Amino acid sequence: MQHREETRDDGIRINPSILAADFVNMQAELARIAAADFVHVDVMDNHFVPNLTFGPQMVERIQQTSPVPLDVHLMIDSPDRWAPEYAELGAASVTFHLEAAAEPVALARALRARGARAGVAVKPGTPVEGLFDVLNEFDQILVMTVEPGFGGQSFMPETMPKLRLLADEARTRGSSVWLQVDGGIGESTIAQAAEAGADTFVAGSAVFGADDPESAISGLRAAAARHHRH
């Protein structure tokens, strides 16, 4: 299947999360979000987070059927061992958690070597200053705006100062790293995240719960573009 690798000129990316999709009708659900930039695929192992979703076999099948590239988010232990496999499956982007990785820079390089964009995620309570000197090793930094592990949680505005810090540091260093947020993102919260510097937004029920997902994606994109802190 041909994927649209280029994103729009506004620099805003909307990545619907399949945690909010109907798993029984996954192919049809993926077709509903063809207007998105990526599909966000949450892999949970019931160890790093208290929930279990799916593994490489399901991700490979999603990869084969999705009309848009995969943005895989690994909420798993031992990503140093397991993350490269998801890059080898053809995922466009693979994000692992800083808290779980033994050698985050080496892992990011391994992901890039396999053709994927390398992302690193931080929980709401994890400081980001340790990433400042290695920003160029990552293509994306995911600031969790909820505690990872479950969909449908409320957005945590207290994570915005951290996102702003990252955005300021990236600008100072001339970094082109994408700044992603995940958790409680909808029309009422996307403006806050965009104003703080996010350019890549994971949205679950705000898209899959809408009668018209394409319209919901368009609305979220427009709201983010209006408020994005350039």
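A pocket is an open set of points, on a 1 Å grid over the protein atoms alone, where a 1.4 Å probe fits, with protein on both sides within 12 Å along at least five of seven lines; its lining residues have an atom within 4 Å of a point. The model here is predicted, so local features need pLDDT of at least 70 and side-chain atom pairs pLDDT 80 or more, while totals for chains, interfaces and linings use all residues. Residues are numbered from 1 along each chain as its sequence is written, and side-chain values use heavy atoms, without hydrogens and water.

**Exercise 1.** Describe the second largest pocket.

*Solution.* Start with volume, the space filled by probe spheres set on points joined across faces, edges and corners: about 200 Å³. Next, take the lining: among its 12 residues, Arg 171, Gly 197, Asp 199, His 228 and Arg 229 are closest to the centre. Finally, find the main contributor: helix 5 (residues 160-173), a DSSP run of H or I with at least four residues, gives the most, three residues.

**Exercise 2.** Find the residues that touch the most other members of the largest nonpolar core.

*Solution.* First, recall that such a core joins buried (under 20% relative accessible area, 1.4 Å probe, protein chains only) Ala, Val, Leu, Ile, Met, Phe, Trp, Tyr and Cys residues through side-chain atoms within 4.5 Å. Among the 64 residues here, the answer is Ile 18, Val 41, Val 72, Val 94 and Phe 201. Helix 5 supplies five residues, the most of any element. Now follow Phe 201: its contacts (heavy atoms within 4.5 Å) include Ile 12, Val 181 and Ala 224, leaving out residues up to four places away in sequence.

Key. Helix = DSSP H or I, 4+ residues; strand = E, 2+ residues; numbered from the N terminus. Buried < 20%, exposed > 50% of the residue type's maximum accessible area, 1.4 Å probe, protein only.
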